[in-house]
Amino acid sequence: MRPFVVAIIGSGPSGIYAAEALCQQSDVAVSVAVLDRLPVPFGLVRYGVAPDHPSIRSIRNTLERTLSRPEVRFYGDVTVGRDVTIDELRGSVDAVIYAYGAASDRRLDIPGEDLDGSIAAAELVAWYCGHPDVHPDLESPAITGPEPAGIDAEQASRLVASTRSAVVVGVGNVALDVVRILIRPTADLARTDMAEEVLTALDDRAVTDVHVLGRRGPANTSFTTKELRELGDLDGVDIVIDPFDHAIDPATIGKVAARNLAVLSGWAERSDGTAARRIHFHFWTRPVRLAGEGRVASVITERTMIDSTGRLLSAGPGPELPADLVVRSVGYRGTALPGVPYDPEIARVPHAEGRVIRDGSFATGEYVTGWIKRGPTGVIGTNKSDAVETVTSLLTDIADGELVADHDRDDLDRLLADRGIHPLGMPAWRLIDAAEIERGHRQGRDRATLAHRSDLLAAAADPDPDPPD
Ligand SMILES: Cc1cc2nc3c(=O)[nH]c(=O)nc-3n(C[C@H](O)[C@H](O)[C@H](O)COP(=O)(O)OP(=O)(O)OC[C@H]3O[C@@H](n4cnc5c(N)ncnc54)[C@H](O)[C@@H]3O)c2cc1C
């Protein structure tokens, strides 16, 4: 029987879990093409998960196994919406699954937000993970990617190296990642897979204080407790929590929030702030203005409270916090991909159970999964059940005769060849992988990330992996 050809746009966890779900069923023979605009697969598992969390990053080994299956082909370095249009892609496969993530960021919308030194967590994360968008020699602008594509590696290095006091706005796990990377001793980070130039900039840093702002109380954080606790284990770092902030929290709290509150309360009791480096938590505090001449110098805050209906109100002026760097970590945001339905209100692709809704009706053969389907929430594993839901809808539509296998698996190759596009497949990834491992071993660590697209392409083209220094 002719295999049903599915193109998945995005090789992050959601795209690869969708490929896995397609391969694991036996009702329909499938041929799966996973496309990514980057030369390498794995999405935020490579370019988001913190480098000092190697066990979480190692999820890519599982993802790699799926991409290596005979029914699956990886097409790296192909930007859908630029190299091929959605219509062209849809015309060369039997169904498409959008899994292109939500790489942009939400803004604070306060005065001073555009000062030098004020950046999005998405940008800082992309920098320290060695994302080619942020590391120079990008040949063409991103269609989706860290936005605003404001900073490049040089600026990020300069900002980090010249920061003594940083303010991180937001109380989720990404904020914790940023805090750790900013304050953690270089000796710890030198063991990670960070690119050399990132390590050099971090080595130059003189950060003594990182302030974390939460506009609600210590019982309203969205940290996972394990990640929160980890801050308490950092060598030479004290955690300081303002007793005023910590005192009363009127909100009803769930289990995780209660555990987090217990951790924060423990720190509040024992910390004295005498260590050389400090993390300060300021709850019921939000930024109202970033102040500075040219570059941010401080964050003007106000205290907050909630009224009886749970609405957040101002409770008067808060502290002015010194800051050479302000990182907003208030959420990622999906962006529109040309030709794909998009609801700007919710910054997602509209759908029902993974079936894309186009102009008010189900779009035949179009599906969505991952962050661009449900928004930037949940852990990596959440994408698995999400992908299963989407693939179940697709398989149901095939069973119901809504979709038929009409294409050959080579139709996509022909389309790309016609456009002069030369995708990088899994053999290229294996060469890049080997080059990064070899480079890391030479430096006494497991891996050293190649941050520049040109280095990735050079490694992919080299049958004897040994990329230039
Ligand atoms: C900073 C950070 C840290 C995180 N840490 C953890 C953690 O420790 N543990 C955990 O469980 N979860 C973590 N997460 C969450 C986890 O990364 C996400 O749940 C997951 O990556 C979402 O998967 P996705 O496939 O929807 O999107 P992504 O992982 O973003 O993948 C989308 C892919 O689509 C590609 N793409 C985009 N546009 C195009 C295009 N036009 N053409 C072709 N390809 C395109 C992108 O290059 C990317 O590879 C973290 C997230 C962030 C942001």
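Strands here are DSSP runs of E with at least two residues, and helices are runs of H or I with at least four, both numbered from the N terminus.

I noted the basis of the entries. This is a predicted model, in which local features need pLDDT of at least 70 and side-chain atom pairs count only at pLDDT 80 or more, while totals for chains, interfaces and linings use all residues. Residues are numbered from 1 along each chain as its sequence is written, and side-chain values use heavy atoms, with hydrogens and water left out.

**Strand pairing**

I counted 6 bridges between strand 11 (residues 285–291) and strand 12 (residues 298–306), which run antiparallel. Two strands pair if DSSP finds at least two bridges between them. The two form a hairpin with 6 residues between them, and Gly-292 in the turn has a positive phi of about 155°. Strand 12 is also joined by 7 bridges to strand 13 (residues 312–322), again antiparallel. That hairpin has 5 residues between its strands, and Gly-310 in the turn has a positive phi of about 90°.

**Helix 10**

I checked helix 10 (residues 196–203) and found Val-198, Leu-199, Ala-201 and Leu-202 buried. Seen down the helix axis, the buried residues fall within an arc of 160°, so they line one face of helix 10. The arc is taken from the directions from the axis to the C-beta atoms. Buried means under 20% relative accessible area, exposed over 50%, and partly exposed in between, with a 1.4 Å probe and protein chains only. The buried residues pack against helix 6 (121–128), helix 7 (153–161), helix 8 (173–183) and helix 9 (186–189).

I then looked at Trp-127, which touches Val-198, Ala-201 and Leu-202, among others, not counting residues up to four places away in sequence. Contact means heavy atoms within 4.5 Å.

**Domains**

I recorded domain 1 (4–102 + 335–424) and domain 2 (104–332); such bounds come from an automatic or database domain assignment. The contact takes 25 residues from domain 1 and 26 residues from domain 2. Their C-alpha centres lie 32 Å apart.

**Confidence**

I read an average pLDDT of 92 for the protein chain, with 93% of the residues scoring at least 70. pLDDT is the predictor's confidence in each residue, from 0 to 100. Over residues 465–469 pLDDT stays under 50. Where pLDDT is low, the predicted coordinates should not be read in detail.
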